[in-house]
Amino acid sequence: MIEMTQVSKTFGGARPAVDDLSLSIAAGEFVVLIGSSGSGKSTLLRMINRLVEPDRGEILVNGVDIRRQRPEDLRRRMGYAIQSIGLFPHWTVAQNIGTVPRLLKWTKARIDARVDELLALLHLDPAEFRHRYPHQLSGGQQQRVGVARALAADPDVLLMDEPFGALDPVTRGALQEELLRIHALSGKTVVLVTHDIDEALQLGSHIVLMNQGRIVQQGRPLDLLRRPANAFVHDFVGRTEIGLRLLALDRVAGRLRPNEAAVGEPISADLSLREALSTFVARRVDRLPVVDDQGRPAGALFFSDLLERQL
Amino acid sequence: MTWRAPVPGALALGTLISLWSLPFVRFAPNRLLTGDGLAWWRAPLGLGHWAALLPCGLLLLAWRAQSRATRVVGLPAAALWLVALPWLAGMAARQMAPEVDGLARVSLGAGFWLSWGLMALLLGELLREAAWPVWRRVLLWVGVLLALLAELSGGALDHLSLLREYANHQDAFNLAFGQHVQLVALSVAPAALLGASLGLLAARRSRVQGALFAVLNLIQTLPSIALFGLLVAPLAWLGEHVPGLGIAGIGMAPGILALTLYSLLPMTRGTLAGLQQVPAAAVDAARGMGMGSWQILWQVELPLALPVFLTGLRITAVQAVGLAEVAALIGAGGFGAIMFQGLLGSAIDLVLLGVIPVVALAIAVDLLFKLIIAGVARHD
């Protein structure tokens, strides 16, 4: 889908922001670019839609060199969402979401239908929200509109630069779930930049850890936690919290014993093992009853099973 | 015991004091003499004397009442005063100098001007406290202006010396009005276009910015009379050597040119400030979604910069209305011509005839732009 070969970019300073970097992103992948600030992750993202032009190297999207396409045309085929959202304050929610479809000269009826569809997808009531202005929305609602706007023209690729960085933890969690759902539903390729390792582990199917313009390690979330390539990666994924983060990758449903039972308030099979661990400790028990998403008893989770069968 | 509204209270008190201690109207046997002042209670106003209860009431209101009562009673009372006071003065003048073509003159005294001006401030203060939307505030002022215009055209003020001067100089007045509006419109319009372009240039090329504003600031620091004077020589030369232009060293051309130059700095600065306060994230998002640079300019940057740009235009236009007064010195005409004629002839009413319309014009321009800006900025 996206092939980057030996790309470099140096802004004013001596040290390159992106240094001779090659990266291959498969279609349908949820790729998270992660690193501390100044690691070059945002620059790398902005190269994909030519907001930043590399000094050297080559970037292919669907096998075509992006330098052979007009930047505007290239960008209209990619969704773009940023941390400060950048909604146009003088346009309504509907006008904001319809930006790229309008640039692509869709008919008004088609744009209206698409706007309503996206608002519903992001759990915003179209009748209530389409005529509002951005300043009449909460931060979370604004970012929902920002994501809807990025999805508007049904792009194959979604580029997101710390889209949830400015939100409170609860709203951020809700939107992360939303994004996972949309990704699973649409099968789009997502490239997301973040500096939050928990966000990266939760969202990414493929994580690219960057430092000083180079890739330090890439792979599945489990690979980074299980087999950190060096001390830097080990530090970054959090020395003392690796175990907890491993638990966060799996859900209760994968570990429960279906034919067992336990007493007490049941937990959901959809809960992450990390949250289950917290519940064990808080209740001072070694087994918990589990219910499925319809609320029917599904079995029990044993404390000792948290340790086993980790891949 | 505390005053609930100290500022309106002080203004109402000031209105009363100036009404009582300063002459309300002046009577002179002819137009060049200053004449003798008549206090409020000695002027032939009949029942009109009771109008003084209005500021008394406002004073009490400011002292005791809640803000809602101030709004319900205070606003109409203050507006009424602004309309009634000139009418009362006109009535007094009719009593004291009934013959419109006689030599005797009745002019407005310091007591009139001060109590009228303080009440105007009081009305502004009450409106500010009422926290009305801009359009409603502007509408009230427009109402007061229209009522005053109705008094003027209805003849209620015809016996005042000011209107007598107007009657004698009607042709000159109408000519001056046309010239004044021309001076302002023909200088502000090109300055707005040029200033918008320069502001855009400064926003795009930060290196140009420093030099550009150095030049514009220099122009702004030149005293207006000096700038008018400086333009006489080059334009006279131009007029002589390029006859087809119809330009001369004095007259309309240097006036318009100087006013344009003065208007450039506020217009350029307003445009730049407007563009700079456009959220950088909105521009980045626009680019990232595939808008071209012209689309970003027209659909995102300019609409978002418009309210600040229009504020710059408002300030520039009001400034130009005032500066155009001085342009009369180089023969550009306008109300300044009437004012200077009055100054040279020591005829204070003629001076006022050249000044009051300019103040009214400036206020009208200010109100008009405030209304436009309120309409444009309603989404923000």
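**Exercise 1. Which residue in S3(B) does Val25(B) stand opposite?**

Before we start: this is a predicted model, where local features need pLDDT of at least 70, side-chain atom pairs count only at pLDDT 80 or more, and totals for chains, interfaces and linings use all residues. Residues are numbered from 1 along each chain as its sequence is written, chains are lettered from A and ligands numbered from 1 in written order, and side-chain values use heavy atoms, leaving out hydrogens and water.

*Solution.* Start with the strands (DSSP runs of E, at least two residues, numbered from the N terminus). S1(B) covers residues 25–28 and S3(B) covers residues 105–108; they pair in the antiparallel sense over four bridges. Pairing here takes at least two DSSP bridges. Now look across from Val25(B): you land on Leu108(B).

**Exercise 2. Find the bridge partner of Arg26(B) in S2(B).**

*Solution.* S2(B), residues 36–38, also pairs with S1(B), antiparallel and over three bridges. Within S2(B), the partner of Arg26(B) is Gly37(B).

**Exercise 3. Is Leu149(B) buried or exposed?**

*Solution.* (Helices are DSSP runs of H or I, at least four residues.) Next, check the cut-offs: buried is under 20% relative accessible area, exposed over 50%, partly exposed in between, with a 1.4 Å probe and protein chains only. Leu149(B) has 52%, so Leu149(B) is exposed.

**Exercise 4. Classify Glu275(A) by its relative accessibility.**

*Solution.* Glu275(A) sits in helix H13 of chain A, residues 273–283. Its relative accessibility is 44%, so Glu275(A) counts as partly exposed.
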